[in-house]
Amino acid sequence: RVAIISTFWDGLNLIPYEFTASQSVRRPGALVISEFMGCSRSLSGVIRVNPWSIQDVANAIQTSVNMSLAKRQASFARRSRYVMAHTLEEWAFGFLKDLKRAAKHNSNLRFVQVGFSSDVRLVGLRSDFAPVNVDKIRPIFEKSASRLILLDYDGTLIGDSKTTSSAPPEQLKQTLRSLCSDHRNLVFIMSGRTRSDLFQWFGDIEDLGIAAEKGCFVRWPAHVLEYIKSLPVSTGTSLERRSIAPQSIPTLGRRSSSWIECDSNANDAKVPGGSQNKRNDRWYSLCDSSETKWKSMAMAVIKAYNERTDGAMIEDKEYGIVWKFEGADPDYGQMQARELQKYLQEVIEEGVIDVVVYNDNRILEILPKGVNKGLATSLLIQTLRGHMKDPLFLMAVGDDISDEKMFSALQNSPVLGQNGPKGEEDSRHVVVTCCVGLKPSNAHYYAHDPEEVREVLRALSSRNAFM
């Protein structure tokens with residue numbers, strides 16, 4: 001009445017299933033299996049043993065021999081339901097069903113070859129995912145009354161900051177300055193970098209909007225400051241101000257601002273060189289100073305992991321913390337990041353922070369609850385909707401997974417109502433989204449590299465584009 005299958009290593013072994021199927025419901029036997037068998041995790045009602053441990057196997061045999069009939073019947077009932085329901089025929093039908101589902105999904109994909117030599121792989125892209133075409137975009141851009149352009153920085157406007165300078169080239173600044181000189185354009189840099197860095201690089205372009213730390217801070221373009229000042233400011237807490245999910249925003253918007261003006265002393269302390277020589281130096285915050293209380297506890301934990309992970313480093317920001325493990329061993333760094341993520345989520349009070357691991361960028365990022373580029377995009381549209389005139393041209397460009405939320409927020413914003421199809425000139429507004437790099441994305445278009453993005457911006461900023 002006892003079956004023992006104590007293989008040291010096994011894949012698909014049907015003996016435990018056959019033993020279960022052949023047993024009598026009235027007087028079933030006990031089943032002892034090796035924990036190294038393939039069915040060990042899926043089959044319940046069994047006794048699992050380490051076959052390398054003689055004592056472990058002996059204890060399991062003793063337990064099985066002395067097991068009462070009632071307990072054997074209960075264990076048999078548990079595994080019998082699974083064995084009799086998951087037959088070979090059922091497995092085959094399920095496999096074919098999955099194949100059909102995959103074939104249906106892939107029928108709408110276009111597969112392209114990416115990489116070279118042994119690194120070659122096929123990537124499935126949407127059939128309507130096309131290279132960015134400035135000749136198609138510019139006529140729509142010209143006819144629009146207002147334009148909102150949201151631009152990621154690292155990897156989008158400049159290349160890899162590990163191999164190039166992080167500061168923007170002068171030609172890029174000239175392009176942005178030219179775009180911003182037309183007050184129909186509302187151009188924002190949407191970056192995870194600190195406001196100190198971004199103001200140092202772009203502070204002299206007064207009509208350029210800056211969203212730092214993924215929306216924690218905003219500097220509005222100079223030509224909309226009077227409009228921003230005229231808006232009522234939400235009196236709720238910072239969590240209430242940013243708790244509005246994009247799908248729940250009323251169609252007409254609230255005509256109010258979720259950002260409140262920052263303390264000027266904090267601003268002067270963070271902006272290199274002081275801000276007295278700049279006219280547009282007002283920063284508005286989406287968060288409260290009380291939302292940094294978690295940082296001391298989180299920093300102590302992160303420092304402990306950082307010391308044990310060679311090549312990792314910590315970047316401390318005003319409202320967030322970034323742990324970078326790109327210099328660590330690939331597998332060990334990722335393992336440490338996942339473990340750190342789970343630990344932080346346990347020790348920090350629930351509902352206070354979001355902890356996200358970006359495997360492509362090899363960073364772990366901690367921000368106040370709900371803060372991301374998607375929320376920042378939705379709130380920007382909500383705030384500026386009363387200033388913008390139809391027809392609208394809305395464009396977002398980014399290169400990593402955090403920018404996908406920006407794309408989705410722009411494409412699905414209830415504040416804008418029904419979006420016009422990509423490239424439809426007669427619609428009330430047109431949304432253009434573009435990712436950098438040929439990879440799966442929610443964007444409409446893709447650009448091959450930051451240089452191509454800069455070329456598109458130069459074409460849109462050209463004086464010929466407004467004639």
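Hi everyone, let's start with a pair of strands: two bridges join E11 to strand E12, residues 284-285, and the two run antiparallel. Within that pair, Ile260 has Ser285 of E12 as its bridge partner. A quick word on terms: strands (E, at least two residues) and helices (H or I, at least four) are DSSP runs numbered from the N terminus, and two strands count as paired if DSSP finds at least two bridges between them.

Some housekeeping before I go on. This is a predicted model, where local features need pLDDT of at least 70 and side-chain atom pairs count only at pLDDT 80 or more, while totals for chains, interfaces and linings use all residues. Residues are numbered from 1 along each chain as its sequence is written, and side-chain values use heavy atoms, with hydrogens and water left out.

Now for the whole protein. There are 15 helices and 19 strands. The protein has 467 residues, of which 49% count as buried; buried means under 20% relative accessible area, exposed over 50%, and partly exposed in between, with a 1.4 Å probe and protein chains only. Among contacts with a separation of 6 or more, 64% are between residues 24 or more positions apart, where a contact means heavy atoms within 4.5 Å.

Back to the sheet. In what order do the 10 strands of the open sheet run? The order is E6-E19-E18-E17-E7-E8-E9-E10-E12-E11, with mixed pairing. Strand E6 (130-131) and strand E11 (260-261) stand at the edges with a single partner strand each, so one side of each has no neighbour in the sheet.

Which strands does helix H7 touch as it packs on the sheet? Helix H7, residues 195-202, touches strand E8 (185-190), strand E9 (209-212) and strand E10 (217-219), and its direction makes about 160° with that of E9. Helix H13, residues 373-384, lies across strand E7 (146-151) and E8, running at about 160° to E8. Those angles run from 0 to 180 degrees between N-to-C directions, with axes as lines fitted to C-alpha atoms, for helices over the stretch in contact.

There is also a hairpin to point out. Strand E4 (residues 109-114) and strand E5 (residues 121-126) pair in the antiparallel sense over six bridges, and Gln113 stands opposite Leu122 in E5. Six residues sit between the strands of this hairpin, where Gly115 takes a positive phi near 95°.

On to charges. A search of the whole structure finds 19 salt bridges, each being a side-chain nitrogen of Lys or Arg within 4 Å of a carboxyl oxygen of Asp or Glu. Lys214 is buried, with a relative accessible area of 9%, and has a positive phi of about 60° although it is not a glycine.

Another residue with that kind of backbone is Arg362, whose positive phi is about 55° although it is not a glycine. Arg362 belongs to the loop between strand E15 (353-358) and E16 and counts as buried at 16% relative accessibility. As a reminder, most residues other than glycine have a negative phi, and most peptide bonds are trans.

That brings me to Asp390. A cis peptide bond joins Asp390 and Pro391, with omega about 0°, and Pro391 lies in the loop between H13 and strand E17 (392-398). The side chain of Asp390 also meets Arg385 in a salt bridge, at 3.0 Å from N to O. Elsewhere, salt bridges that share partners join Arg147, Asp182 and Arg184 into one network.

Last stop, the surface. Leu88, Trp91, Phe93, Phe95, Leu96 and Leu99 form a nonpolar patch with about 710 Å² of accessible area together. Accessible areas come from the Shrake-Rupley method with a 1.4 Å probe, and for residues only the protein chains shown count as cover. Patches are made of residues with over 30% relative accessible area and no salt bridge, joining like charges within 9 Å and nonpolar side chains (Val, Leu, Ile, Met, Phe, Trp, Tyr) within 5 Å. Trp91 lies in helix H4, residues 88-106, and counts as exposed at 56% relative accessibility. Thanks, everyone!
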